[in-house]
Every structure is written in structure tokens, then in C-alpha cells.
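Reader: Please take one part of this structure and go through it closely. I would like to know how its elements are arranged and what lies next to them.

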Amino acid sequence: MPDLLIEIGVEEIPADVIVPALEQMRVALDEGLTALRLTHGEARVYGTPRRLAAIVADVAERQPDEVKEIKGPPASAAFDAEGKPTKAAAGFAAKNGLSVDQLRVQETDKGAFVFATVTEEGRPAAEVIPGLLEGMMTGFVFPKTLKWGDLEERFARPVRWLVALLGDTVLDWEFARVKAGRTTRGHRFLGSDDVEIASPAAYLETLRAQHVIADHHERREVIRKRAVAAAAAVQGRPRLDEDLLEENNFLVEWPSCLLGGYPERFLELPEAVPVTIMQKHQRYFPVEDAEGRLLPYFVITRNGEGPGEEMIRRGNEKVIVPRLEDGEFYLTEDLKTPLPERLDALKRVTFMESLGTLYDKTERIVRLVAWLAEALDAPAPERETAARAALLSKCDQVTLMVGDGKLAALQGIIGGHYAGLAGEAPEVCAAIAEQYLPIRPDDPAPASPAGKLLALADKLDNLAAAFSLGMIPKGTRDPQGLRRQAQAVLAILQAGDFHLPLCELVGEAVGQVAARFIAPEDDSATAQGATNRATTTAALMDFMAARLDATLQEAGIPYDTVRAVLGGRWSDPVEVINRGHALHRIRGASEEFEGLVDTATRPANIWRSTDLPDEVAVEPGLFEDEAEGTFWAALMAAREEVARLQQDEPVPYEAIWQIVSELRGPIDALFEAVMINAGEPALRNNRLAMMRELDTLYLQLADFREIVQ
Amino acid sequence: MTFQQITKHLDDFWAARGCIIAQPYDVEVGAGTMTPDTFLRALGPEPWNVAYVQGSRRPNDGRYGENPNRMQKYYQYQVILKPSPAGIQETYLDSLCTLGIDPLQHDFRFVEDDWEAPTLGASGVGWEVWLDGMEITQFTYFQKAGGMVCSPVAVELTYGIERLAMYMQDVDHYRDLRWNDTIKFGELRREEERQFSIYNFEVANIDMLWELFRLYEAEVERLLELDLQLPAYDYVLKCSHTFNLLDSRGAVSITERPAMIGRIRNLAAAVAKAHVAQREAMGYPLLQHA
């Protein structure tokens with residue numbers, strides 16, 4: 001069976017869009033062919049800045065014939081009293097291309113009906129695949145699309161050529177006035193613009209001869225290898241940040257690596273400055289020595305190879321020097337004012353429209369850090385470090401290095417550096433430097449205890465401020481990255497093993513914002529102010545709970561386990577996360593899990609729908625059956641044991657699970673022996689109250705009603 | 001190649017591809033995009049192919065003539081092609097070849113950069129073009145101007161010609177650029193940079209500028225009522241430049257900034273809308289050249 005090759009030739013697509021687009025392409029082809037009843041092998045995808053390509057192995061050349069039973073009129077309407085076919089029967093037969101005597105009568109649960117058996121002939125793959133490709137092109141989801149020329153179609157960048165080959169046959173397909181063919185283009189400068197592909201199998205090698213490595217996995221490894229080789233010339237090694245490696249990978253089709261350098265004096269800058277300029281502004285790999293110290297070199301990824309290396313190296317060196325000089329200039333200027341003396345300048349910088357200045361924000365962070373330290377019972381030196389770091393945390397915002405914009409990503413890091421130069425304690429500097437961590441989902445949380453407190457306070461204040469102003473993320477709109485910040489809060493709590501009630505944490509942050517900056521009529525002293533504050537706190541709590549849910553699911557825990565864990569009683573996010581992981585392990589390991597879920601949902605199903613008054617307590621004097629006494633004693637013992645285990649650190653959830661599992665015997669015996677819904681009200685309430693107590697115990701682990709069996 | 005040879009080569013190149021070679025606009029603009037030949041002509045269905053050099057003023061970027069590549073006035077070479085033709089990337093690269101830049105000896109990249117001009121309500125999708133790591137051109141498919149959707153889509157190429165020339169002449173400071181075979185850039189422009197940097201940062205009369213801003217803004221509105229879009233647009237440009245001067249004097253607080261930008265954007269959008277209506281009323285005269 002032939003292979004299918006699809007190549008979408010485009011003007012350079014943004015690097016970060018290519019991998020998601022390839023995955024969409026793979027799924028669209030794989031599922032689309034299946035929907036077309038075309039058997040096929042694996043779909044492989046290949047991407048460069050100028051092409052999105054897929055090869056599907058062994059595609060059936062023709063759809064199989066499909067036999068369909070088509071239901072027609074009732075038999076009573078199709079045949080008259082003498083059994084002769086009516087007009088209705090003739091019409092139905094004709095519509096399906098049959099003669100009347102080819103119709104069948106068959107009994108259904110709605111009576112006898114006439115049926116036509118029709119064989120729909122399968123169509124050649126080459127005829128039906130173009131329809132699938134049209135759907136694929138309009139189905140791509142890109143972060144941003146454009147229109148070009150006088151066309152109506154949209155894509156991530158203008159589409160310039162299309163290749164669609166089934167074996168050696170060109171498919172009849174067109175998009176945005178580009179007709180598919182077998183002609184692709186090679187490398188922009190080293191290849192030809194007119195390259196015929198004989199068959200899908202020849203795709204990768206045909207392009208290689210045209211100086212294009214289409215396979216992005218292969219290309220990435222080529223860059224890695226060549227970057228290492230380039231840096232070795234100065235006994236260095238490249239810092240190969242994986243994201244940057246991937247970005248470079250999708251900026252080139254035929255990579256080679258060159259080594260460039262800059263004057264050694266720039267190594268006196270805080271390391272983050274040259275590193276950021278190299279990585280973020282110029283997409284270079286910085287070079288370091290065997291001890292990880294920066295060397296005054298960088299690796300350039302070139303799209304091509306051959307003559308011109310010296311010119312390219314010099315060109316790149318010429319670009320980076322003025323940028324480094326900017327950094328040098330900022331540093332010299334900034335050092336004229338020691339960091340702590342910049343506090344007053346924060347009073348002139350607005351923070352989020354009506355929420356005062358960065359100075360006001362600093363004051364809030366200082367208070368929030370103190371509150372956190374108190375709540376976590378932090379030792380005195382740690383409190384002092386965190387308090388000082390909090391006070392100086394935003395001072396770098398009014399330095400040239402951060403404030404000028406081009407190096408704004410260095411906020412915090414620069415503050416830490418300047419604090420050190422101003423004679424602050426190393427712990428204070430470290431905390432300032434770490435305050436924005438984790439920035440990306442896989443970043444570590446701040447390492448120092450004070451850094452964790454400061455980072456928590458900063459993020460909680462951002463969240464509380466945004467929510468107080470009603471800036472709540474909806475759908476995909478989250479311009480301030482609040483979801484990321486909320487998830488960072490959870491990550492820090494987890495990293496620090498900080499056990500705090502979420503509602504108090506959120507309430508404190510919202511209260512700090514409300515205390516001064518909400519309009520006078522909303523003042524917290526008034527009833528209206530209290531209501532607003534409660535609404536904001538509740539909205540932020542919901543938001544955090546949703547992030548907790550996302551955090552657990554991203555950790556690979558199935559959604560129903562997550563819901564069960566969040567459905568139980570909780571206040572401490574770290575405890576919930578730990579419990580979620582534990583329950584996931586238990587569910588995977590225990591064969592009795594399903595049985596226990598059945599048992600555990602029974603008390604909930606029985607009592608939660610009743611109007612059992614809160615004040616009803618279990619009264620052993622009302623027990624009628626021995627099984628009730630046995631059950632109650634077992635429950636009391638289990639409850640006591642669970643409460644004891646919950647004090648352990650870490651909480652041994654497996655042991656708790658064991659204890660509640662062992663209740664199964666007494667529970668089964670109880671259900672065997674008595675009716676919970678007894679006729680006599682006092683008796684019934686007593687038994688319902690037992691169910692409530694049992695449910696409450698299960699809820700220490702999860703609300704098992706959420707588990708989908 | 002001297003600075004003036006570069007612009008001449010580009011003129012010849014784009015003239016041969018059907019572009020009108022226009023002359024620079026005579027009101028201060030921050031970029032070639034802001035001149036009527038781009039901002040207004042990019043709207044509506046009429047075809048439009050034009051190339052021109054535009055002196056552009058960014059008061060904040062002045063460095064008293066001392067910084068190697070930052071100036072408060074610099075030149076852009078601006079090309080607009082509407083509708084954007086297929087193969088425009090290759091044509092653009094050809095234009096560099098005619099300047100003697102051999103792509104086989106250099107490293108070219110098209111690096112994602114979606115351009116946006118908040119004061120014009122304009123945005124597009126495209127790239128920075130890098131030559132050996134240096135941004136030499138902004139390459140943009142216009143999607144919106146004055147808040148209105150561009151259809152058909154124009155492509156805009158903005159060459160930073162000082163940078164290109166510094167690269168081609170292998171000099172490290174703008175002052176050393178050869179304008180022609182005898183005169184250097186610095187001889188022509190350094191004193192200008194010094195004086196304007198002093199003016200922009202230190203002595204521009206803030207009260208007068210605020211007053212002018214209000215007067216210009218009112219004039220736009222008055223002229224629009226009189227159905228005189230083109231004079232009105234001149235006053236939008238004057239508002240924009242006045243705002244930039246106030247900004248470089250540090251007279252615009254962070255809180256005021258977005259509001260000021262919003263005011264200019266509203267003016268630009270109103271003019272753009274009136275201009276499109278006017279062209280429609282005229283029956284889109286340039287359509288006959290489509």
C-alpha cells in the first residue's frame with residue numbers, strides 16, 4: 001500500500017508554533033483517514049521554519065465497500081392487502097437503486113418495515129483524501145493567524161506551496177490559490193526552488209540533498225553536537241538551554257554552529273546580564289568553562305554552511321557589543337544610588353491603576369511576609385531576613401537596568417546583585433534574587449526560606465490586587481498570567497512543605513489590598529466593604545481551587561481521583577496535594593479499591609439526602625442489634641487511630657487507607673443485620689447519624705462518590 | 001556603497017517592480033508607517049505600491065550624538081505593496097543582493113515579530129529580518145490600521161538603512177558612515193543630534209507642548225467636521241510628535257501614558273474611517289490600475 005506525503009510550504013512560521021501544529025496535523029490525518037475508512041500505518045511529522053510535513057505509512061488505496069441497511073416505509077404501507085407493492089414501495093426501491101423485489105420486510109419493535117440492502121462502493125483514497133486535507137487546513141488552531149494578499153484564507157503565515165502525494169500520485173487539492181503538486185523547495189539559499197519528490201519514501205533524502213534536514217529531532221541533535229564542538233575550540237562548553245535549543249532548531253533548516261566572542265571586561269557585569277543578552281536577544285548559546293564560569297564567547301546557530309563564516313562571526317560580534325555596552329552603562333549609572341536609597345522613588349511608580357504605588361505594594365508585601373512568618377512559626381533570623389528582603393524587593397524596578405525595559409526579565413536578579421553591592425547580607429540578596437521564582441512551570445521554587453516567603457507574598461499580593469479590581473481570568477484570556485502565579489503559589493507551598501489554611505492566606509492578602517486602596521465606600525470597616533472583601537476572597541479561593549485541580553491533573557492524576565480528593569474536607573493545599581498523590585498510588589496498587597468505593601459511597605448515599613438535624617448524635621443506648629455495637633466500636637477505634645495518624649509527618653495515607661478498609665467487615669455486617677431507614681424515627685435518626693459519622697471518616701481521605709468506576 | 005548609493009539602489013530596485021518612488025513626508029513622524037502614504041493608503045481596496053525614504057523622529061532615542069547607533073532622528077526605507085504579492089520574501093532578499101549582500105556569505109533569519117503601533121491602532125504579523133544577528137528590516141503583513149481591518153492585505157518592508165549601511169561599510173559608529181565619497185554622516189548630523197537631544201530632554205517648553213497638544217487635538221476634530229481628512233491627519237501626526245516630546249521631557253506620568261496614547265489612537269481611527277469613506281465616495285479611483 002502507498003504512503004501519503006503532505007507538505008505545507010510556508011513563509012517562516014514562529015518557532016514555538018511548529019511543534020503544536022505538527023501534532024495537530026498528525027492527529028488530523030490519523031483520525032481523518034480512520035473516519036474515511038482508510039486503513040493506514042503510523043503518521044510521522046517533520047517540521048522546519050518553512051514546512052509542516054507528515055508521512056502516513058501504508059494507506060489503503062480504496063475505501064472498502066460498505067453494506068447498509070436502509071429502513072423504508074412500514075410494511076403495511078408498502079404492500080396492499082393482496083401483498084402487491086404500493087407506490088411507496090416502488091418509490092423507496094427506486095431511490096435506493098433497487099427493484100421492488102429486492103426489498104426485504106423485517107420485524108422491528110415498532111412493527112414490520114421494508115428494508116433495502118445497499119452496497120455503497122468504496123471510493124479511491126485519492127478521491128476522498130483532498131476533502132480531509134481541506135478540513136485539516138481550516139482546523140489548525142494557532143495562537144495568531146493572518147490574511148495575506150487578496151485572499152480570505154487564514155494561516156499562521158502565508159502558504160506558498162503544497163505537496164500531496166499518495167504513492168507517486170499527486171492528489172487534486174488546493175488551498176489559498178496554491179495547487180498541490182510534487183514540487184517542494186530546498187534551502188532558501190543552498191537549495192533549489194524547484195525540487196521534484198518522486199514518492200513519499202524519497203521525501204527526507206530529497207530534501208537532505210537540497211540542504212534541508214526536515215526531521216526536527218535529527219536537526220536538534222545536529223545543533224547540539226555542533227554547538228559542543230564549536231565551544232570546544234576555547235576549551236568551553238555551550239549552555240544548551242533546551243527551550244533555546246528548540247527555538248534555534250526551528251529557525252534553521254541546515255544548521256551549522258560558529259563561535260563568537262566579546263571583550264572580557266563584560267564578564268564583570270552580573271552574569272545574568274550577558275547571559276540574557278546572548279540567550280533572549282540574540283539566541284546565542286553562552287559558553288562556560290568546566291567549572292560553569294562564563295567565558296567571553298558564544299555559539300551562533302547559522303542557517304546554512306560554507307563561505308562567509310568570518311563575516312558572520314564579525315557581524316554577530318558587532319551586534320552584541322553595543323548591547324553589552326548598554327548593560328555596562330546601566331550598571332555604572334545604577335551604582336551611583338545604593339539600592340536601599342531607591343525606596344522613595346517607588347512612591348512615583350504606579351502599581352495596577354487604583355492600587356497605589358510600588359511603595360504601597362512594598363508595604364503590603366512586608367506585612368504579608370510577617371504574617372506568613374508568624375503563621376509558619378519561622379525562626380527569628382529567617383523573619384528578619386525575609387522582612388529586609390521584602391522591604392528592598394521592588395527597588396530594582398527604578399534602576400535603569402530593569403526599568404529601561406530591554407532587560408526587564410532580570411528583575412529580582414538585578415535587585416539581589418545590587419543589594420549585595422550595597423552591603424546587604426547574602427541571605428537578603430538571595431531572597432530578593434529568587435522572589436519571582438518559579439517563572440516557568442518547571443522552574444524550581446526559591447531555595448532559601450526567606451525567598452519562599454517573599455515569593456509567596458509577592459504573588460499573593462498580585463492575585464489579590466487583580467481580583468480586587470475584578471480582573472479575573474476568563475477562558476484563554478489571562479494577560480497578567482494569574483493562573484501561572486496561582487500555580488507558583490501552590491508550588492512554593494509544596495516546596496516549603498508549608499501547611500497553611502488557604503482561606504486565611506487568601507483572606508489576609510485580600511485584606512491587605514482592601515485596607516487602603518479600595519474606594520472609601522468599600523472600606524473594610526463598613527458592611528459593604530466586608531461584603532466586597534468576602535466576594536473577592538471567595539472568587540480567589542475558587543480560582544486557587546481550580547489551580548489545585550489543574551496541578552494535580554498535570555501530575556498525571558485522573559480527573560475523578562482529583563475531584564474525589566477536592567470533594568472531601570480540606571483547607572491546606574499541600575495536604576490536598578499529598579493526599580491526591582497518595583490516593584492515586586493506592587488506586588493503582590490496591591485491588592480492593594473498587595470494593596471499598598462501593599462501601600464508602602453507601603453511607604453518603606443514605607444520609608446526605610435526608611434532613612437529619614445537625615444536633616443528632618449517636619446514642620449507643622438505642623442500639624438494637626449486636627452488629628450496631630460492633631460497628632460503632634470499630635468506627636470509634638478507627639476514627640481515633642486516623643486522627644492520630646493525621647498528626648504524623650508525613651501523613652501515612654496508606655495506613656489510614658488500611659484502617660478504613662478494615663471497617664468493611666463491620667459495615668457489611670451492619671447492613672446485613674439492620675435497616676438504616678427504620679420506621680421508628682429515633683431509631684432511624686440514630687442509624688443515620690452513624691452513617692454520617694462513617695461518611696465523615698471517609699471524607700478524611702476523599703469523597704468517593706466522585707470516583708468513576 | 002555609500003549611504004546615498006544604498007537609497008538610490010533601493011529606489012531603482014523597487015521602481016523596476018512597479019513602485020511609485022515617493023518623497024519623504026513633511027510633517028514629523030516617528031516611523032515611515034505613519035505617513036499618509038502608508039497609514040492611509042494601506043486601507044481600502046485600491047492597489048498601492050510605493051517606496052520612499054522617511055526621516056523618522058524618536059525624541060527619546062537621542063544620545064546627544066554620542067551613542068554609536070542611537071539617534072533621535074534616523075532614516076527608514078519604506079516599501080508598501082498592496083495586495084501583498086506571492087514571493088515577496090524572495091523579492092526582498094533580491095533587493096539585498098542588488099546592494100551586494102550575498103546570501104551565501106551571510107546568515108539570514110526571519111524571526112517572529114508581530115508589529116504593533118498603539119497610537120495608530122495598527123497591527124500586523126511578520127518578522128524582524130536578521131542579517132548575521134542584526135535586525136535590518138521589519139517585515140509586516142498589515143492586518144489592521146486605524147482599528148480597521150486591511151483587506152486586501154498590504155505588506156510593509158521597513159529597512160533600517162543606517163544599520164544596513166553601517167554593516168555594509170563595516171563601521172562601528174554612525175558618525176563614520178560615508179554619506180557620499182567625501183562627506184561622513186557625522187559631519188552632517190552630529191550637531192543636529194546634539195542640539196535636538198538638548199531640546200528634547202532638557203529645554204522643550206512643557207507648558208507650550210501641552211497647550212499645542214490640546215490645540216492640535218481640537219483641530220483634528222474641527223477638520224473632520226469639515227470633511228478634510230488629509231489636513232486632519234497632519235494634526236494627528238503633530239499630536240503624536242508633541243506627545244513624544246512631552247514623553248522625552250518626562251512630563252507624562254505612567255498613569256497618564258495609556259490615556260494619551262488612547263486619545264491619539266481615537267483621532268487616528270476617526271481620520272482613517274473618514275478617509276476610507278472619502279475614497280469610497282470617489283469610487284476608488286486607483287482601482288483602475290489593479
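Author: Two strands count as paired if DSSP finds at least two bridges between them. The model is predicted. The part taken here is a sheet in chain A. In this open sheet, 3 strands are arranged in the order 4-6-5, with antiparallel pairing. Strand 4 (66–74) and strand 5 (104–108) of chain A are at the edges with a single partner strand each, so each has one side without a neighbour in the sheet. From one strand to the next, the twist averages 45°.

Strand 5 of chain A pairs with strand 6 (residues 111–120) of chain A in the antiparallel sense, over 5 bridges. One bridge can be named: Thr108(A) has Gly111(A), in strand 6 of chain A, as its partner. Helix 3 (residues 87–95) of chain A lies across strand 4 and strand 6 of chain A, and runs at about 25° to strand 6.

The buried residues include Ile413(A), His417(A) and Tyr418(A). Among the elements covering them are helix 8 (272–281), helix 9 (309–334) and helix 11 (380–392) of chain A. Just after helix 13 of chain A, Gly423(A) has a positive phi of about 90°. Helix 11 of chain A has 13 residues, which at 1.5 Å a residue should span 18 Å; its end C-alpha atoms lie 19 Å apart, in agreement. Its buried residues, including Arg383(A) and Arg388(A), pack against helix 10 (358–375), helix 13, helix 14 and helix 15 (449–468) of chain A.

Note on methods
Residues numbered from 1 in each chain as written. Chains lettered and ligands numbered in written order. Predicted model: local features only at pLDDT ≥ 70, side-chain atom pairs only at ≥ 80, totals over all residues. Buried ≥ 20, exposed ≤ 12 C-beta atoms within 10 Å, placed from the backbone. Helix = DSSP H or I, 4+ residues; strand = E, 2+ residues; numbered from the N terminus. Contact = placed C-beta atoms within 7 Å. Expected span 1.5 Å × (residues − 1). Axes fitted to C-alpha atoms, helices over the stretch in contact; angles between N-to-C directions.
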